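Thanks for coming. I will take a few minutes on one model, so please have a look at it first.

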Amino acid sequence: MSTATTAQPKWWNGGKSPFNVEYGKLMMWYFLMSDAFTFGAFLISYGTIRFSTNGWPDPNVVFQSFPGLGSGLPLMFVSLMTFILIVSSVTMVLAVKAGHEMNKQKVVINLIWTIIGGAAFLGCQAWEWTHLHHEGAWWGANPFLNADGSQSSTNFTNYFFTITGFHGFHVFSGVIINIIMLIMTLNDTFEKRGHYLMIEKAGLYWHFVDLVWVFVFTCFYLI
Amino acid sequence: MEHSEVVHLEHHDNKNEVRNVTLVLTALTLVELALGFAMMKMVHGSAGVMATKLTIVVLMLAKAYYIVGYFMHLKHEIRNLIMTITVPLALFIWFIGAFLWDGNSFKNLRNNYDRHFYEQSKVPGLKKEHGAETKGAVHEEVKEGKKDEAKPAVHQ
């Protein structure tokens with residue numbers, strides 16, 4: 001607090017990062033920006049096709065099952081998935097924070113919780129995909145009718161499986177990255193390095209996965 | 001080495017921030033879900049549904065703001081970094097507007113000039129795979145049909 005903001009540094013005079021972050025973190029930001037464009041292109045394509053079609057299936061009819069509780073429960077399962085991902089994002093924040101404090105024990109615990117959250121989310125998605133597949137939905141197959149009762153095309157399932165699949169693949173990569181972070185933490189790699197900055201980069205990626213889910217959840221399940 | 005290049009401008013205490021942002025995100029999600037449930041009772045395609053969907057999109061953007069700003073810490077970075085990330089992403093405003101407009105226009109053009117497309121999209125669906133619910137051509141029928149159908153658990 002007291003040492004802060006003496007004089008504004010001249011960011012563009014060279015000798016330091018004009019963005020005031022280390023190289024790896026800046027590159028992670030740029031990667032995530034490009035990834036945002038990829039996801040954005042997918043979702044915009046989905047939106048364009050949906051806007052150019054007269055009928056579209058009602059998500060509350062398509063997604064209405066909950067494992068062990070049967071069907072007729074729209075929005076319930078996906079809410080659970082959403083909360084799992086939000087909570088795992090929070091534990092990731094706590095892991096990054098613990099890294100700042102050089103608190104190895106806390107980093108380990110929070111990383112483990114984040115990994116569990118990611119794995120739980122993937123498990124939920126696997127269940128949902130299996131369930132939909134059993135109902136006859138897959139790429140190129142759509143058993144669901146449009147909300148107005150008319151025959152629907154396979155656009156709906158194609159987009160659903162492609163986009164949630166691409167997001168699920170990101171979650172999977174995120175879990176792998178977090179597991180690597182956990183192993184490195186346990187091996188004292190960051191202790192020896194003197195900082196836990198790498199966990200911040202993994203954290204950025206993990207929050208991005210959560211961020212994308214906010215959009216996927218809204219576009220496919222809510223509206 | 002790379003660490004030393006970074007100037008620590010301020011050290012804000014984010015103990016409460018994490019908790020508060022978590023609460024905000026949870027609250028926004030709950031409101032979204034409440035709107036989602038409310039929408040089920042509305043007439044399909046009505047103005048109320050459109051308004052609700054618009055509200056949900058606004059809430060979605062609010063959630064995105066909190067995740068990027070606080071969890072990803074962008075709000076506490078210096079202006080240069082904020083700009084280099086958010087300015088390119090502003091292209092999305094144009095992308096979304098242009099593409100959705102185009103999709104909608106394509107639909108209208110086809111409905112007006114392509115009878116086959118229009119008639120085909122009004123053919124009642126017949127197909128019913130196991131597990132998938134049948135839907136009548138009229139929305140009201142579906143509402144009532146849903147209750148007494150009371151399907152058993154769809155587990156295979």
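A:Met102 counts as partly exposed, because 13 C-beta neighbours lie inside 10 Å. The scale behind that: with C-beta atoms placed from the backbone, a residue is buried if 20 or more other C-beta atoms lie within 10 Å of its own, exposed if 12 or fewer, and partly exposed in between. A:Met102 lies in the loop between helix 3 and helix 4 (104-134) of chain A. A:Met102 is not a glycine, yet its phi is positive, about 55 degrees. Most residues other than glycine have a negative phi.

A:Leu75 is also not a glycine and has a positive phi of about 70 degrees. Its place is the loop between helix 2 and helix 3 of chain A. Buried or exposed, then, for A:Leu75? Buried, because it has 22 C-beta neighbours inside 10 Å.

This is a predicted model, where local features need pLDDT of at least 70 and side-chain atom pairs count only at pLDDT 80 or more, while totals for chains, interfaces and linings use all residues. Residues are numbered from 1 along each chain as its sequence is written, and chains are lettered from A and ligands numbered from 1 in the order in which they are written.

Now chain A as a whole. It has seven helices and zero strands, taken as DSSP runs numbered from the N terminus (helices H or I, at least four residues; strands E, at least two). Of its 223 residues, 46% count as buried.

Last, the partner chain. 65 residues of chain A are in contact with 66 residues of chain B, contact meaning C-beta atoms, placed from the backbone, within 7 Å. Helix 1 of chain A gives the largest share of the side that touches chain B, 10 residues.

Key: Contact = placed C-beta atoms within 7 Å.
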